[in-house]
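Please open the structure in your viewer and keep the selection panel at hand. The tour goes from the whole chain to single side chains, with a selection at each stop.

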Amino acid sequence: MIKKNLTAFLFIASVFTAVAQQTSKCEEQIAAFEQTVKAEKYDDALQQFEGLVKKCPNVDEKLYALAETALVYKIESAQTKELRQQYADSIFGVYGLHNKNFPKAKNTNNINKALIQSDYRLADEKEVFKALDAAFILQPHDYTDYRAIEAYYNIYLKRFEAGQEITLTDFTEKFGAISTQVMYAKNRIADRQNQLKLKKETEPLTQEEKDFLARANKDIDVLTAVGENVDRQSSKHFSCKGLEEYYTANFEKNKENSDWLEALVNVMFLNRCYESEVLAKGAVALYELKPSAQSAFNMGTIELRKNNIDGAAEYFDKSAQLETDADQKAEVYYKVAGILRNSDKARAKEYILKTVKANPKKARAYIFLAEMYASVTKECNVTDFERKALLWLAIDTVKKAEEADVKYKGTVASMIENYEKRLPNRDEVKEAGKRKGDEIVYGCWINETVTVPKVK
């Protein structure tokens, strides 16, 4: 009995060993295949693929993505529609093999197939839309490629505007779903980006991970642009009332869906529905569910519109604290300064100083502060002479912009030339009872001391 069990064990072990050896061999061959594709030797790559897909069909999904890359190149370089169709059919065959060995990829491959048919005019728009619509209904989260989102939305908008059995209610629902999907795609990239940044601190990244990080910000920017375009093209069909009704009706079932809430807040802001109750409700829910630099900034903006300056400042500070990137942190402070400039100059200056502390190279912050000094009129009980004398401070401040970033040299020179024309002349200095070296102390939001220089 023991002998039989031992024999069985050894047999199973030998099977596992053989499988492991085959898997390892497949991984090596797939890596070699990847290098062939990266070297753009596409004919050689496609020959390699034929053998690999027979021996290693379910080892790594990368196998199918690489084959797709090679065949897309062949389509693009094809000189006739017939040849393009031939290579497209080959790609569709690759998708079929991918689906067989990795069934979860089927919906994504259906989207990719529709995009290829659309890009190379291998199917009419009705057929393309049917495929894209079916894929979106089945699982919208498979729409992570900006091209897929953009293509689907553009055809849907076209059909709606042509009156093709799509009501305004249908369109509003679809707009909401697509806006949410844009947020989902962006957040998925950002989450992965953050994970890899943390990993990078303790262990080396794979080449694939390095490539992902290198393109992550660009991919997020492209998705942001797509989202803004979706909103811009849709906004002519909406009113704040209509958007309010849609988001209010769907709020309860989505109140714990951060992507949906983020889309709600973004859409309402973009459409300037600032007084919307569902905007405020959504912003609070999003901040509580997912505290972030952006969700805190949203809360600050809403509080500011209520004229709650203290509450707004608290959220803006929280936004900057949650921001991990120094440049972005400075950008938050700079935006806040711009918001507060007309309503609370003391706080605006405070945030500008926080800006340059976070990023001393942010030249626009020095220009902003110089303009504040130069634009003083009658506030803070300054005399006409003191107002002009502030231009010395404005000049010293704006010079720091050029020191921070030399590309602002022309702007700085122009501003200084303008300020110098308005400086106190010798007679005005004498009439004010001042001379070189005397100090002029400013209170109020300015809170600075200016030393009178030699006046020509």
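## The whole chain

Begin with a cartoon of the protein, in which there are 21 helices and two strands, where helices (H or I, at least four residues) and strands (E, at least two) are DSSP runs numbered from the N terminus. The radius of gyration is 31 Å, well over the 23 Å that the globule rule gives for 456 residues, so the protein is more spread out than a compact globule; the radius is taken over C-alpha atoms, and the rule is 2.2 Å times the number of residues to the power 0.38. Along the principal axes, the C-alpha atoms fill a box of roughly 110 × 60 × 55 Å.

This is a predicted model, in which local features need pLDDT of at least 70 and side-chain atom pairs count only at pLDDT 80 or more, while totals for chains, interfaces and linings use all residues. Residues are numbered from 1 along each chain as its sequence is written, and side-chain values use heavy atoms, with hydrogens and water left out.

Now switch to a surface: the accessible area of the protein comes to about 26200 Å², of which 49% belongs to carbon and sulfur atoms, as computed by the Shrake-Rupley method with a 1.4 Å probe. Of the 456 residues, 43% count as buried, a word that here means under 20% relative accessible area, with exposed meaning over 50% and partly exposed in between (1.4 Å probe, protein chains only). Among contacts (heavy atoms within 4.5 Å) between residues at least 6 apart in sequence, 61% join residues at least 24 apart.

## Phenylalanine 316

Next select phenylalanine 316, which lies in helix α15 (residues 309-322) and is buried, with a relative accessible area of 0%. Leaving aside neighbours within four places in sequence, show the residues in contact with phenylalanine 316, among them Phe297, Leu304, Val336, Ile339 and Tyr351.

## The disulfides

How many disulfides does a search of the whole structure find? The search finds three, a disulfide being a pair of cysteine sulfur atoms within 2.5 Å.

Select cysteine 26 and cysteine 56, whose sulfur atoms are 2.0 Å apart in a disulfide. Cysteine 26 lies in helix α1 (residues 2-38) and cysteine 56 in the loop between α2 (42-55) and α3 (62-77), so the pair ties together parts that are 30 residues apart in sequence. The torsion about their S-S bond is about -80 degrees, so this disulfide is left-handed. Cysteine 26 is buried at 1% relative accessibility, and cysteine 56 is buried at 1%.

Move on to cysteine 240 and cysteine 273, joined by a disulfide with 2.1 Å from S to S. Cysteine 240 is in helix α10 (residues 240-249) and cysteine 273 in the loop between α12 (258-270) and α13 (277-289), so the bond ties together parts 33 residues apart in sequence. Cysteine 240 is partly exposed at 34%, whereas cysteine 273 is buried at 3%.

Finish with cysteine 380 and cysteine 444, also joined by a disulfide (S to S 2.1 Å). This pair links distant parts of the chain, 64 residues apart, with cysteine 380 in the loop between α18 (363-374) and α19 (384-404) and cysteine 444 in the loop between β1 (439-441) and β2 (449-451). Cysteine 380 is partly exposed, with a relative accessible area of 23%, while cysteine 444 is exposed, at 53%.
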